[in-house]
Amino acid sequence: MGGVSYYLGDLNQSQQFKSARPALGILVRYAINDRLAAKVNLFGGGIAGEYPFAGEKYPIIRPKSDVSDNIEGIVTGGKYEFSRMLLSVGFMGEVNFRSFDHVFNKSESLWTPYLTMGLGATFYKSYADKTSGKTDFVLSLPFGLGVKYKISKWLRVGVEWTMHKTFADDLDLVEPKANQINPNDPYGSNYHTVTHNNDWYSFCGLTITASMLPRKLSCNDGLRNFNK
């Protein structure tokens, strides 16, 4: 797998492919039949974001002595940005819209669009405890769509785009510094809820897979097997 990864969250709420970074990975797929498949994928990629951006104005909390306007303790504006690497592991299924790679109908099953979804985990360096960074992981829900095409008996290519909903809100949090935005609490309310988890990331790219084992099917009489 090769392509790009990018982030959606407090510092990028809607712009697809903004601040995209390179991503590479590996994919293992098991074809259950011509309509269903199961797969495991692993990829590493970068994500990035910044504040301020159009339409968003968060304040920065500063000591009262530093305030130069009429609002005590708050100054608007400021600059915040982050860039980090993450590792994603997914256990997913695929549902083909068309018959794909059918053993007895090869010419009409060379390609198909498909849906994919499953369960995943994301590993990254976390600063949520406001101390030195440590490697952490959270569960994620990956889902997406793609198209795959059979080039030859042993080789297939595809394009896939997946979104990964994480159960965390600190992918955009870097080592804390004085007088900067905290994307987990941009208004300085010191109030958090477990349901306010805005962080997503996405992968979009090309896949190349090669068949490693011969296909085993039952003959019509049900008594013998043959390799195809």
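Residues are classed by relative accessible area as buried (under 20%), exposed (over 50%) or partly exposed (in between), with a 1.4 Å probe and protein chains only. The model is predicted, so local features were required to have pLDDT of at least 70 and side-chain atom pairs pLDDT 80 or more, whereas totals for chains, interfaces and linings use all residues. Residues are numbered from 1 along each chain as its sequence is written, and side-chain values use heavy atoms, without hydrogens and water.

Eight strands, in the order E1-E2-E3-E6-E7-E8-E9-E10, close into a barrel with antiparallel pairing; the twist from one strand to the next averages 30 degrees. Strands (E, at least two residues) are DSSP runs numbered from the N terminus, and two of them pair if DSSP finds at least two bridges between them. Strand E1 (residues 2–8) is joined to E2 by four bridges, with Gly3 partnered by Ala23 of E2. E2 and E3 are antiparallel and share nine bridges, and a hairpin of four residues connects them; here Leu27 has Asn41 of E3 as its bridge partner. The antiparallel pairing of E3 with E6 extends over 16 bridges, and Ala38 stands opposite Gly93 in E6.

Strand E3 also contains Lys39, which is buried, with a relative accessible area of 3%. A polar contact (N or O atoms within 3.5 Å, one able to donate a hydrogen and the other to accept it; residues adjacent in sequence count only if both atoms are side-chain atoms) links the side chains of Lys39 and Glu94 at 3.0 Å. Beyond four places in sequence, the residues in contact with Lys39 include Tyr114, Thr116 and Glu160, contact being heavy atoms within 4.5 Å.

Seven aromatic pairs were found in the whole structure. Rings of Phe, Tyr and Trp (its six-membered ring) pair if their centres lie within 6.5 Å, and planes under 30 degrees apart count as stacked, over 60 as edge-to-face and the rest as tilted. The pair Tyr6 and Phe17 is tilted because the planes stand at 40 degrees, with the centres 4.8 Å apart. Tyr6 lies in strand E1 and Phe17 in the loop between E1 and E2. Tyr6 is buried at 0% relative accessible area, whereas Phe17, at 36%, is partly exposed. The rings of Phe43 and Tyr201 are edge-to-face, with centres 6.4 Å apart and planes at 65 degrees; Phe43 belongs to strand E3 and Tyr201 to strand E10, so the pair ties together parts 158 residues apart in sequence. Both Phe43 and Tyr201 are buried.

Definitions and conventions: Axes fitted to C-alpha atoms, helices over the stretch in contact; angles between N-to-C directions.
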